[in-house]
Amino acid sequence: MKAAIWTKYGPPEVLRVRDIPEPVPKRGQILVRIAAANVFPGDCELRRFQIHPLWWLPLRLLSGITRPRWKILGQEFSGEVVAVADGASGFRVGDRILSPTGFGGAYAEYLCLRGEHAVPKPAAMSDIEASALSVGGLNALHFLRTARVAAGQKVVIYGAGGSIGTMAVQLAGVMGAEVTAVDAGYKLDALRALGAATVVDYQEEDFTGRGDVYDAIVDVVGQSPFQRCLRVLREGGCYVHGNASTRTMLRRLWASRQSGRNVRIALTGYRSDDLRYLTGLVESGRLRVVVDRCFPLADVVDAHRYVETGRKIGNVVLDIAGAGSGDVA
């Protein structure tokens, strides 16, 4: 099979598409023919090993000290089950599924996994769309639940135009909140289309200077102004960081005690029940996956380069099976 192989840490050019043996499922595993795989920003961070200092050493020990221990990136995919080993339950050959993988494995034509987080792909979703639902959707759902977002609240999504943010804008709307979406100006029309009541170009305006008070602020990217955000958060409100710096982790302890606001760091765990909830929203037309561009597997280096520009709206997808390519959004 063809796979994008990753043999050392570094820039996008360390990725190489190679022919390698097709994997064979072990007991309890399924074999999936990958249709599409999302190029999540975390893949790029792992490839160059730009990791938060708190997690740097444990992840380096897990990933490999001098070179990557596993050779294929890719945290989520859509595809078709083509073999089911003894001991694997819940799947049949021919099932169309979507799933997170954990650390990697999806930049390939085939993948073996246990499938405990996999769910059926909604018939109305293309493989391209389905490949980008899991990680962004599950993270966004977790962040909003951590913030205790509820109907009638005013909520800020900071960094709203990416893989997680575009999901968070929609999910906050599903929860009945009024959403203010903050990101670069060229992403604002897309965020309005996703249901944001107010959009703010952070390059032109500081949203904390508008005179509004919010029930929750969810910072997806870890770049919101900490003290100013606390000042526009109501008493008892929640300020959630999905990508917190070390300084923010330290400041939250003081802020939560002294300011009367809750500052939380959100670390996501994946649950198949939550993914089924998300696919149900897709099937009911209340949630959609935003895909900016598709690249064939052969152009994986270009896909990583584009993600690292920071200009994508929503997701960038590797079209493994050749369903389509080019600009989508």
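Predicted model: local features only at pLDDT ≥ 70, side-chain atom pairs only at ≥ 80, totals over all residues.
Residues are numbered from 1 along each chain as its sequence is written, and side-chain values use heavy atoms, leaving out hydrogens and water. Local features need pLDDT of at least 70 and side-chain atom pairs count only at pLDDT 80 or more, while totals for chains, interfaces and linings use all residues.

**Stop one: strand 15**

Select residues 315–319, strand 15. Strands (E, at least two residues) and helices (H or I, at least four) are DSSP runs numbered from the N terminus. Five of the five residues here are buried, so the strand is largely enclosed by the rest of the structure. Buried means under 20% relative accessible area with a 1.4 Å probe, protein chains only. Side chains in a regular strand alternate between the two faces of the sheet. Here N315, V317 and D319 are buried on one side, V316 and L318 on the other.

Pairing requires at least two DSSP bridges. Find A37 opposite L318.

Move to the six-stranded open sheet, order 10-9-8-11-12-13, with parallel pairing. Strand 10 (198–201) and strand 13 (262–265) are the edges, each pairing on one side only.

Select strand 12, residues 233–241: four bridges join it to strand 13 in parallel. C238 stands opposite N262.

Notes:
Buried < 20%, exposed > 50% of the residue type's maximum accessible area, 1.4 Å probe, protein only.
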